[in-house]
Each structure stands twice: as C-alpha cells, then as structure tokens.
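These are my notebook entries on one structure, set down in the order in which I looked things up. The sequence and the model come before the entries.

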Amino acid sequence: MCKKKIRVVAAVIKQGDQVFATQRGYGNYKDWWEFPGGKIEKNETPEEAIVREIREELNTEIIVNGFLTTVEYNYPEFHLTMDCFWCSVKKGHLQLLEHEAAKWLPLNDLRQVNWLPADVLVVEAIEKSVRLQASQSEM
C-alpha cells in the first residue's frame, strides 16, 4: 500500500547569526521543534505558500531570500516532501498564533532543541551551508 504523500514548505527565518524555531503544541509530535511553515495550496508556488503560511501562523510578512533544500522523509503515517527556504522578516513581529513556544537559535548551536525527524535534515543542510560560507569567506 502506498503511503499518503504530503508536500509542505518551511521557512528558515534568519536574523543575523540566528534562526527562528517553533515548538508544536499538538499532535503526535507535540513539544517537538520545527521550522514554521505548512502545506502548499492548489495553484500556489512554494514561495507563495511560505509567505502565506508565515502570515497565518506568525502574523508576520517575510521575504523569501533563497532556496535551502528539499527534504524527503518517511514518517510512519505518510511520506513528507518539504521545500525549505531562507527567509527574513519584512514587516511585523513574530507572534505565535499556532505554536506552543518559539526561540531564536544560534546558527552554530541548532541542536539544543528536540527537532522533528524531518527538521533534523534541515538542520544538517543549514550546518552544511554555514560551513560552506565560512570556508568561502576564508579564501
């Protein structure tokens, strides 16, 4: 039997040398941490979806600065495809409308929270990107 497939987007909201993480307040993974985002609606690009989702979840306008990675992960109940984007706050203050908690995490210490399994792969992509930028700036 084929697993249900879910396609979502996630925002890696960067401010200086920190990124924004949110804690789930519901479901099987309650209290786990994730990058905010959600499902892509019909006739919506991933970039449009992430802007809309952040407006709905955090009452904030963001700018999509670039693509980071696409994560493929098999949860027991479904297969997740998650497009992740580097973003920054355009207007407003991040206000929790759906999450239990949130915090800014330093780019060099992202593993201090209990990430959802798929988001661990995003953390790995961020760490790789940070290492690459550091090595390029040394040249």
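**Entry: the largest pocket.** I began with the largest pocket of this predicted model, where about 550 Å³ of space lies. I took a pocket to be an open set of points on a 1 Å grid over the protein atoms alone, where a 1.4 Å probe fits, with protein on both sides within 12 Å along at least five of seven lines. Grid points are joined across faces, edges and corners, and the volume is the space filled by probe spheres set on the points. Rolling a probe the size of a water molecule over the atoms shows where empty space is left.

I then looked up the lining, which comprises residues with an atom within 4 Å of a point. The largest pocket is lined by 24 residues, and those closest to its centre are V8, R24, Y26, E34 and L80. Two or more lining residues come from each of β1 (4-15), β4 (37-39), α1 (46-58) and β6 (78-91). Which element gives the most to this lining? It is β1, with four residues. By class, I noted twelve nonpolar, four polar and eight charged residues in the lining. Here Ala, Val, Leu, Ile, Met, Phe, Trp, Tyr, Cys and Pro count as nonpolar, Asp, Glu, Lys and Arg as charged, and the others, Gly among them, as polar.

**Entry: conventions.** I recorded that residues are numbered from 1 along each chain as its sequence is written. In this predicted model, local features need pLDDT of at least 70 and side-chain atom pairs count only at pLDDT 80 or more, while totals for chains, interfaces and linings use all residues; side-chain values use heavy atoms, with hydrogens and water left out.

**Entry: the chain as a whole.** I found two helices and seven strands in the secondary structure of the chain. Helices (H or I, at least four residues) and strands (E, at least two) are DSSP runs, numbered from the N terminus. Along the sequence, the pattern reads β-β-β-β-α-β-β-β-α. The radius of gyration is 15 Å, close to the 14 Å that the globule rule gives for 139 residues, so the chain is as compact as a globular protein of that length. This radius is taken over C-alpha atoms, and the globule rule is 2.2 Å times the number of residues to the power 0.38.

Taken along the principal axes, the C-alpha atoms fill a box of roughly 50 × 35 × 30 Å. I noted that 45% of the 139 residues count as buried, that is, under 20% relative accessible area; exposed means over 50% and partly exposed in between (1.4 Å probe, protein chains only). Among contacts (heavy atoms within 4.5 Å) between residues at least 6 apart in sequence, 67% join residues at least 24 apart.

**Entry: cysteines.** How many disulfides does the structure hold? I found zero, a disulfide being a pair of cysteine sulfur atoms within 2.5 Å. C84 is in no disulfide, and the nearest cysteine sulfur, that of C87, is 9.8 Å away. That distance is too far for a bond between C87 and C84. C84 is buried, at a relative accessible area of 0%, and C87 is buried too, at 1%.

Entry: I located S88 in strand β6. Is S88 buried or exposed? S88 counts as buried, at 18% relative accessibility. Its neighbours within four places in sequence left aside, S88 is in contact with I13, K14, E61, I62, I63 and N65.

E47 is in helix α1 and counts as partly exposed, at 36% relative accessibility. With neighbours within four places left aside, E47 is in contact with V64 and F85. I also looked up E47 and F67, which are 20 residues apart along the chain; their C-alpha atoms are separated by 9.2 Å.

**Entry: positive phi.** Most residues other than glycine have a negative phi. N43 has a positive phi of about 65° although it is not a glycine. I placed N43 in the loop between β4 and α1, where N43 is exposed at 75% relative accessible area. N59, also not a glycine, has a positive phi of about 55°. N59 is in the loop between α1 and β5 (61-74) and is partly exposed, at 44%.

**Entry: S135.** Lastly, I looked up S135, which is in helix α2 (residues 117-137). S135 counts as partly exposed, at 32% relative accessibility. The C-alpha atoms of S135 and V19 are separated by 20 Å, with the two residues 116 apart along the chain.
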